[in-house]
Structures are given as structure tokens and as C-alpha cells.
Amino acid sequence: MGTSVEKAMRILEALAVEDGPHRLMDVAERAGVPRSTAYRVLATLGAQGFAQNCGDGRYGIGSRLGGLGARVVRMLSTGVGPTLQELQRGAGGNTVHLAVRVGDHAVYLHKVDNDKPYEMRSRVGNQLPLHSTAIGKAILAHLPPGEVEAIVTTAGMASRTPATITEVGALHAELADVRERGFALDDEENELTVRCIGAVVLDRSGRPRGGISVSSVTFMLDREELLGYVPLLQATARKVAGLI
């Protein structure tokens, strides 16, 4: 079950899932704790401003947690913003994302929009699955196989498009390819008509902290042209690792 601090952290993470406020039973299930524990922890978090009782048995993010999250995003964006903007310019003006791993998913921390006549639907703060995205697969490729299986067991492997990998064995094979070539490719696996390349951002111990990606739409940029930006993406990922 973990320590009380670990439980509180998992509950905060469950609380921050999109489409809140959330029912107590859903928060408890996502956090892997009994409902009685979730109730007690949420009461404490609520008293400190990190959670909010929204009535009807539902809980949402408190103003204190929201403010803290905004400050963290602003701090990280200030450090990496110019570097990601440079990548965006060098990668043909296509969309660039930075995301960090949060448990069994990743969260966008920074986005540099493209200069094209279309806009990617992604937003800072959005969660993204690990098994079907370029950033996610770049992260998974640098985790032990047992940890990968624990993540997909918890999060599932939802079929986002006909191209999504939904079998654990196929995912492990794909991650081996990612490690060998040094980048991940999402070829319409998370969203139809969207193709992305992703590179891992490692911490000082060599663990994956997150990843960066370059994204385009299939009708504006072909696969080979997108892959041509891989060296710049990889160099930027190494630079970003020293900034966050």
C-alpha cells in the first residue's frame, strides 16, 4: 500500500485526471487505496487547499494545487522555451511538445504551435497515453520490461486508431526498435492523420523523465521528411535534459 505520503501523492495524481470533479470511488480506485483512506486523505488535502469537495460525493483540484501546478509549468517553460522554439524552427515550423511522465501516463508541459494553416488539438496539461504516442513509447523504451508491463496493466492499451499497438508482446518488440534507432514514431497510432517523432529526456541517473516530439499531419508532411528531423530532435532532447 505504501506510506501515507505515497498514498497522498497517488490520490493527488488521481484527482488531477481530466474530466473532473471525480467521484470518491473513482479517485480511490485510480490511487489503489480503500475508499475510507481516500476520504480521509481528501479531507486533509481539502483543509490545506489542495483538493476541493465539490458536493454530490465528487472531488476536484483545489486552488492551492492549481496555483502550484501553474508555477511549475511556468518555471519549466521559461527554461526550455527558447530551446523548443529553436527546434520548431529547425523542424520545418511543425508542432513541438515537451511532456513528462506522471505515473502511467505523460502530461504536456510545453507546446510550440506550428506555423501552418491548421492547429494540433493538444494543450498544455493534457494527459497522453504511453503505448500509443511517440513521447510515450520513447519513455517506455527506457524502462525495465517489468515496469512497462505494470504500466500497461494499470493503464490498459486502448485502441486509439486501427494502427494502435494493443498487444504487450508487440509493444515490447516496438520498444526494442525504439532503443535501437534512438527515437520513437507514432504513425497515426494515437490520432488519425497525425504523425509524430519522439525522443526521450533522461534524468541524471539515466531514467526517463519525459520526452519531446515533433508532430505534423500526414497530408502536409510525408513520413520520410518528418524522419529527416530526427537528428535535430535527438540533439534537442539531450539539451533539454540539462534544463529541466
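A138 is a residue of helix α5; helices (H or I, at least four residues) and strands (E, at least two) are DSSP runs, numbered from the N terminus. The model is predicted, so local features need pLDDT of at least 70 and side-chain atom pairs count only at pLDDT 80 or more, while totals for chains, interfaces and linings use all residues. Residues are numbered from 1 along each chain as its sequence is written, and side-chain values use heavy atoms, with hydrogens and water left out.

With a relative accessibility of 1%, A138 counts as buried. The term buried denotes a relative accessible area under 20%, exposed one over 50%, and partly exposed the range in between (1.4 Å probe, protein chains only). Leaving aside residues up to four places away in sequence, A138 touches V178, A184, G198, A199 and V200, where contact means heavy atoms within 4.5 Å. A138 and I212 are separated by 74 residues in sequence, and their C-alpha atoms lie 9.0 Å apart in space.

## Salt bridges

Side chains of opposite charge can pair when their charged atoms come close. A salt bridge is defined here as a side-chain nitrogen of Lys or Arg within 4 Å of a carboxyl oxygen of Asp or Glu. Across the whole structure, the search finds 10 salt bridges.

One of them joins E189 to K137, with the closest N and O atoms 2.8 Å apart. E189 belongs to the loop between β7 (184-187) and β8 (194-202) and K137 to helix α5 (residues 134-140), so this pair ties together parts that are 52 residues apart in sequence. Both partners are buried: E189 has a relative accessibility of 7%, and K137 has one of 0%. A network of salt bridges links K137, E174, R181 and E189.

Another salt bridge is formed by the side chains of R101 and E147, at 3.0 Å from N to O. Because R101 lies in strand β4 (residues 95-102) and E147 in helix α6 (residues 145-155), the pair ties together parts that are 46 residues apart in sequence. R101 is partly exposed, at 23% relative accessible area, and E147 is partly exposed, at 23%. A further salt bridge connects the side chains of D26 and R23, at 2.9 Å from N to O. Here D26 counts as buried at 19% relative accessibility, whereas R23 is partly exposed at 35%.

## Packing of α6 and α7

The axes of α6 and helix α7 (residues 168-181) come within 11 Å and cross at roughly 135°. Axes are lines fitted to C-alpha atoms, for helices over the stretch in contact, and angles run from 0 to 180 degrees between N-to-C directions. The two helices, α6 and α7, are therefore oblique to each other; angles under 35 degrees count as roughly parallel, over 145 as roughly antiparallel, 65 to 115 as roughly perpendicular and the rest as oblique.

On the α6 side, P145, V148, E149 and V152 take part in the contact, and they meet V168, L171, H172 and L175 of α7. By class, this contact of α6 with α7 has 6 nonpolar, 1 polar and 1 charged residues. Ala, Val, Leu, Ile, Met, Phe, Trp, Tyr, Cys and Pro count as nonpolar, Asp, Glu, Lys and Arg as charged, and the others, Gly among them, as polar.

E188 is found in the loop between β7 and β8. Its phi is near 60°, a positive value in a residue other than glycine, and E188 is partly exposed at 24% relative accessibility. T193 also lies in the loop between β7 and β8. The phi of T193 is positive, about 75°, although T193 is not a glycine. T193 counts as partly exposed, at 32% relative accessibility.
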